[in-house]
Amino acid sequence: MEALLASANNPTSLKRGDVVEGEIVRIDQDEILVDIGLKSEGVLSTKELPASGYGSLSELKVHDKVLVYVVQPETPDGHAVLSLRKANAERQWRLVEEQYRNNELIKARVIDYNKGGLIVDVNGIRGFVPISQIQSLKREEVAAGGESQETAAKLASMKDKELQLKIIEINRARNRLILSERQAVQEWRQRRREELLDELKPGEIRKGVVSNLANFGAFVDLGGADGLVHISQLAWSRVNHPSEVLHVGQEVEVQVLSVDKEKKKIALSIKKAEVDPWTTVEQRYTPGQLVTGTITKIAPFGAFARIEDGIEGLIHLSELPPGMDPKTSLHEGQQLQLRILRIDPERRRLGLSLRQVEEPDSAKTQSQGQSQSQSQSQAAPGSGSLEATTKGATDDKMKLSLEETARRQESGQHQHEGRGERRERGEKGEREGRGERRERSEKGEPSLLDHLPLGDDGEITAMAEAFRAAARQRNKNLTTEETEGSGS
């Protein structure tokens, strides 16, 4: 009772500009009565209420707690004049102060710009983002300032966009609210990086966007954290620089190789997120097939050529056209018609030939010819014993003829050496040697062809014809030597 009497004798003292919390006690079409602890209720005009959302007439109910702004502590009628709109602004300032203390990130829409930066709406409060705190502007654009036409055009293009921001300065007395997009992005990425380091598991596939390229690889943004794709993990084929296969802003699929939480590093692979082309190479290519290849590297022992992404083979020096020097005749990027020689998927080896594109494999042709000759020379199954005996006798005679030919050639070599020695001893010995040869010729030694067999059609074989030609040549040489000797 004493407390009630004390509160009645000492009513709440309010002044203009105070923001207090009250309870709605009645809602009329033109006004709302709010109990704020005074002797009489305060009056809130419905004309200043927003059409929708928080604080609209449809949203308010009796006994709701609302924050109101004291416009006039007391009128002649004894009621206080209140404002909900101004109270909302105060409410937002209080919320902004709490976000500032908690280092929270907020989102705000760009409503205007000037040469110094962007003006944003933070739930009814005008905030400012300096040009140096805008993430999308480069250093040279920041240095040029808003007076540059390019920078001004970029600032204008950002109007009505929603930005993620962080409050870096607040001053209620001067209604000053400064925000930064750069710091917001950095903190968001740092927080997201911590989350990703806990989420990512080796072997899983993720989508990302190429954020930067370097000589040693590419960085891929996984949605808040960058992972490195080493140059050896960019593609199944050889890559000299990441720019050959990627560009900044490109969306790619990557496989997580490893996650180092202590060093906060993420290793990624693009090629392992794809099917290894060597696992299915034998389904697409066969030895002997003609393909189009692109020279990728010149080596001392030949050249390497790529026939598709991830499939690269070697053109050895022996498989280049005779006399071709790869260093002078070939160059990287050159396209050629090539023939596949062999495929080794396990060792990832592919043999290619440029020589055999127009010159088919002679070894293969020769092998086919030999197999045909062997099949023709083999006796047919079930033939009579007479044919077998005749064939055996023919082989024996051929063997004897060949042995006799070898002996006579050796004898002729010794006779030739003897003639050289006799020539050195004098003309008399040389004439005697020619006489002996003439005598052997006149006696008519048996021809080498006497023991050679005839074919089934009565014609001599090709081997016999060769021996006959050799005998004619020898007789011709003897006659020429004798003629020269007699003339001397």
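Which residue in S2 is the bridge partner of Ile-27? The partner is Ile-32. Before going on, a word on the source: this is a predicted model, in which local features need pLDDT of at least 70 and side-chain atom pairs count only at pLDDT 80 or more, while totals for chains, interfaces and linings use all residues. Residues are numbered from 1 along each chain as its sequence is written, and side-chain values use heavy atoms, with hydrogens and water left out.

First, the chain as a whole. It has 11 helices and 20 strands; these are DSSP runs numbered from the N terminus, with helices being H or I of at least four residues and strands E of at least two. Of the 488 residues, 32% are buried. Buried means under 20% relative accessible area, exposed means over 50%, and partly exposed is in between, with a 1.4 Å probe and protein chains only. Taking contacts between residues at least 6 apart in sequence, 57% join residues at least 24 apart; contact means heavy atoms within 4.5 Å.

Back to the pair we began with. Strand S1, residues 19–27, and strand S2, residues 31–35, run antiparallel and are joined by four bridges. Two strands pair if DSSP finds at least two bridges between them. In general, strands of a sheet pair through backbone hydrogen bonds, either parallel or antiparallel. S1 and S2 belong to a barrel that five strands close in the order S1-S2-S3-S5-S4, with mixed pairing. Neighbouring strands of this sheet are turned by 55 degrees against each other on average, direction ignored. Helix H2, residues 84–101, lies across S1, S3, S4 and S5, and runs at about 115 degrees to S4. For these angles, axes are lines fitted to C-alpha atoms, for helices over the stretch in contact, and the angles run from 0 to 180 degrees between N-to-C directions.

Next, strand S6, residues 105–114. S6 is joined to S9, residues 162–171, by five bridges in the antiparallel sense, and Lys-107 stands opposite Gln-164 in S9. S6 also pairs antiparallel with S7, residues 117–122, over five bridges. S6 and S7 form a hairpin with two residues between them, and Asn-114 has Gly-117 in S7 as its bridge partner.

Now helix H5, residues 181–199, where Glu-181 is found. Glu-181 is buried yet has no salt bridge, and the nearest side chain of opposite charge, Arg-182, is 7.3 Å away. A salt bridge here is a side-chain nitrogen of Lys or Arg within 4 Å of a carboxyl oxygen of Asp or Glu. On charge, Lys and Arg count as positive and Asp and Glu as negative; His and the chain ends are not counted. Not counting residues up to four places away in sequence, Glu-181 touches several others, including Val-129, Met-158 and Gln-164.

Leu-196 is also in H5. Leu-196 counts as buried because its relative accessibility is 0%. Leu-196 and Val-259 are 63 residues apart in sequence but 9.5 Å apart in space, C-alpha to C-alpha.

Last, the backbone. Most residues other than glycine have a negative phi. His-63, in the loop between S3 and S4, has a positive phi of about 80 degrees. Why does His-63 count as exposed? Because its relative accessibility is 57%. Lys-264, in the loop between S14 and S15, has a positive phi near 55 degrees. Lys-264 counts as partly exposed, at 35% relative accessibility.
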